[in-house]
Amino acid sequence: MHTGKARAYTNIALIKYWGKKDEELILPMNNSLSLTLDAFYTETTVSFDPALQADTFLLDGQLQNTAATAKISRFLDLLRELAGTKLRAAVTSENFVPTAAGLASSASGLAALAAAGNAALQLGLDDSQLSRLARRGSGSACRSIFGGFVEWEQGTDDITSLAHPLAANGFENDLAMLFVLINDKQKDVSSRDGMRRTVATSAFYPGWLASLPEDLAAIKQAIATQDFTALGRITEANGLKMHATTLAAVPPFTYWSPQSLLAMDLVRQLRATGTECYFTMDAGPNVKVLCRRQDEAAVQQAFSNSFSSDRLILAHAGPGISYL
Ligand code: ADP
Ligand code: DP6
């Protein structure tokens, strides 16, 4: 039996990945940039076992159905190919993050699986190789291999598409992100289906793509100069632009709920009254509020007037993967 265990944290994109140019290899249409966070993570154990006839996938104590297990099996095939083995595996995973609710469980989940597989089969993959591998499971997972600010270079093939951490200057430690959990149930449109429909049909998609190089250059400058105002403005505008593309898809859809709009409005009110903060959203109704660490208590307090406190989770910059 060959067993490995690893932990990976979720990451939230400040410049979003939204669309693939290669569905099989998961090559994205654009570079994206994220912050890895310490509040949500996945721990996964993988055991390749000669006694097993088929792969099994236990998530949060529940044996997963055929479709979910098939997805894991396809990823395990990549590991088996690298190791030159046909052994089946038992995957046991715990999400310390709601699954499929727009809180990036796919990022931490697939990054943890890649790292656990690496350990189990003693593949000796370094973090760059692991980032490429995790990408094949879920695009955003390639960023969760690393801590702090991370950029995913879109690349042109399996080798050149991978993430790397930005040079650390301590800025990430001055930041906080408040997760406003509006709904942590599984969403109707997965990020995979949502981005596919948007790329194929949205009249706004070309505009989104054309605007990205400028956003990316500006946010990297903001990080290098530790300019929180610029960081927040770019983050908020980029997220809104991504969500606008879904409204022009055919058929149109949105991840927003009335409560999401309420949370966005609260952010604007806080800004207007002197507490600087900005929001971003992913493929779900939950809102993430970016602020300076020194303002986190004020932001949390303001949100607790409209949202119950168990729905508010504060996160800070988190580390990359670890082997357990
Ligand atoms: P989210 O916003 O949570 O990332 P997605 O719809 O993008 O939602 O991805 C959810 C999918 O990620 C799940 O259906 C499952 O395929 C995968 N996933 C989530 N957690 C894990 C895990 N711990 N191990 C393996 N795969 C996982
Ligand atoms: C909106 O990485 O979950 O969160 O590659 O199809 O698995 P797949 O999609 P996934 O998409 C994440 C989309 C996003 C933006 C982001 O994280 O960059």
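Two exercises on this predicted model follow.

The model is predicted, with local features requiring pLDDT of at least 70 and side-chain atom pairs pLDDT 80 or more, while totals for chains, interfaces and linings use all residues. Residues are numbered from 1 along each chain, chains are lettered from A and ligands numbered from 1 as written, and side-chain values use heavy atoms without hydrogens or water.

**Exercise 1.** Determine where ligand 2 lies relative to the two domains, and describe its shell.

Solution. 
1. The shell holds 17 residues, each with a heavy atom within 4 Å of the ligand; Tyr17, Lys20, Ser138, Gly139 and Ser140 are the closest.
2. By class, seven are nonpolar, five polar (Gly counts here) and five charged.
3. Oxygen atoms of ligand 2 lie 2.6 Å from a side-chain N or O atom of Ser138, 2.6 Å from one of Ser140 and 3.0 Å from a polar side-chain atom of Ser106.
4. The protein buries 94% of the 460 Å² that ligand 2 exposes when taken alone (Shrake-Rupley, 1.4 Å probe).
5. Domain 1 (2-170) and domain 2 (176-315) both contribute shell residues, so ligand 2 lies between them; the bounds come from an automatic or database assignment.

**Exercise 2.** Characterise the interface of domain 1 and domain 2.

Solution. 
1. The C-alpha centres of the domains are 23 Å apart.
2. The buried area, i.e. accessible area (1.4 Å probe) lost on being put together, summed over both parts, is about 3200 Å², 69% of it on carbon and sulfur atoms.
3. Leu14, Lys16 and Trp18 supply 26% of the area that domain 1 buries against domain 2, more than any other three residues.

Conventions: Polar contact = N/O pair within 3.5 Å; in protein donor to acceptor, adjacent residues only side chain to side chain. Buried area = accessible area lost by both parts, 1.4 Å probe.
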